Amino acid sequence: MLPRDHTIIVSESGLITITGGKWTTYRKMAKDVINKAIASGQLKKENCVTENLQIHGWTININPNNALNFYGADAIELEKLCEEDETLKELLHPSLPYLKASVIWALRNEMAMTVEDVLARRIRMLFLDAQAAIDTAPNVAKLMAKEMNRDEGWIAQQLNSFTTLAKGYLLF
């Protein structure tokens, strides 16, 4: 396993570069860069104004039994989508906790543009169960096509592209 630590480099000109790291340690990485900038630039150290800042979606009220719990505070907005269209309460796949509303949310609020965007990068189904993602792709493509006003040709292209990719994630 490769380490995913970050490294901070200060060039002769004073340019600070950070390499490596991982998303889950972004706050520590930022703190380390700021501390390096203060030290190398002989800057005045100030109190951090974002140390306790909560990221978008943060909420204290999480219901672990709600399929939308990983949306945090945005779960309320997804629930509103489900109230507007009851079919959006349906699961995308019977073995995974993702609702059809997640697809519409990804299009309207997370800039998803392809089936791969939704199934790999928004709800991460591809990485959890590639076969379930392949099985789900036609329904996702149809939901997306309706929302984005795309035709059958777009659906076919999306399914071909996603299926080709997803087959590489199958274990057999």
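User: Which residues of α1 are buried, and what does buried mean here?

Analyst: In this predicted model, local features need pLDDT of at least 70 and side-chain atom pairs count only at pLDDT 80 or more, while totals for chains, interfaces and linings use all residues. Residues are numbered from 1 along each chain as its sequence is written, and side-chain values use heavy atoms, with hydrogens and water left out. Buried means a relative accessible area under 20%, exposed means over 50%, and partly exposed is in between, with a 1.4 Å probe and protein chains only. In α1, the residues that count as buried are M29, A37 and I38. Their cover includes β1 (6-10) and β2 (16-20), where contact means heavy atoms within 4.5 Å.

User: What makes α1 a helix, and how does its reach compare with the span expected at 1.5 Å a residue?

Analyst: Helices are DSSP runs of H or I with at least four residues, and strands are runs of E with at least two, numbered from the N terminus. Helix α1 covers residues 26-41, and its 16 residues are therefore enough for that rule. The expected span is 1.5 Å times one less than the number of residues; from first C-alpha to last, α1 reaches 22 Å, close to the expected 22 Å.

User: Why is the protein chain called more spread out than a compact globule?

Analyst: The chain holds seven helices and two strands, in the order β-β-α-α-α-α-α-α-α from the N terminus. Its radius of gyration, taken over C-alpha atoms, is compared with a globule rule of 2.2 Å times the number of residues to the power 0.38. For 172 residues that rule gives 16 Å, and the chain's 21 Å is well over it, so the chain is more spread out than a compact globule. Along the principal axes, the C-alpha atoms fill a box of roughly 60 × 40 × 30 Å, and 31% of the 172 residues count as buried.

User: What makes a set of residues a nonpolar core, and which residues have the most contacts inside the largest one?

Analyst: A nonpolar core is a set of buried Ala, Val, Leu, Ile, Met, Phe, Trp, Tyr and Cys residues joined through side-chain atoms within 4.5 Å. The largest one has 41 residues, and those with the most contacts inside it are L92, V115, L119, M125, V140, M144 and F162. Two or more residues each come from α2 (75-84), α3 (100-109), α4 (115-122), α5 (125-128), α6 (130-148) and α7 (152-167), and α6 gives the largest share, 11 residues. Beyond residues up to four places away in sequence, V140 touches L92, V103, V115, V118 and L119. In α4, the buried residues are V115, D117, V118, L119 and A120, and they pack against α3, α5, α6 and α7.

User: Why are S102 and G72 placed in the class that they have?

Analyst: S102, in helix α3, has 1% relative accessibility and therefore counts as buried. Neighbours within four places aside, S102 is in contact with L68, Y71, L78 and I123. G72 lies in the loop between α1 and α2, and its relative accessible area of 18% means that it too is buried.

User: Why is M111 called exposed, and why is R124 called partly exposed?

Analyst: M111 lies in the loop between α3 and α4, and its relative accessible area of 70% makes it exposed. R124, in the loop between α4 and α5, has 44% and is therefore partly exposed. Phi is positive in both, near 60° for M111 and about 65° for R124, although neither is a glycine.
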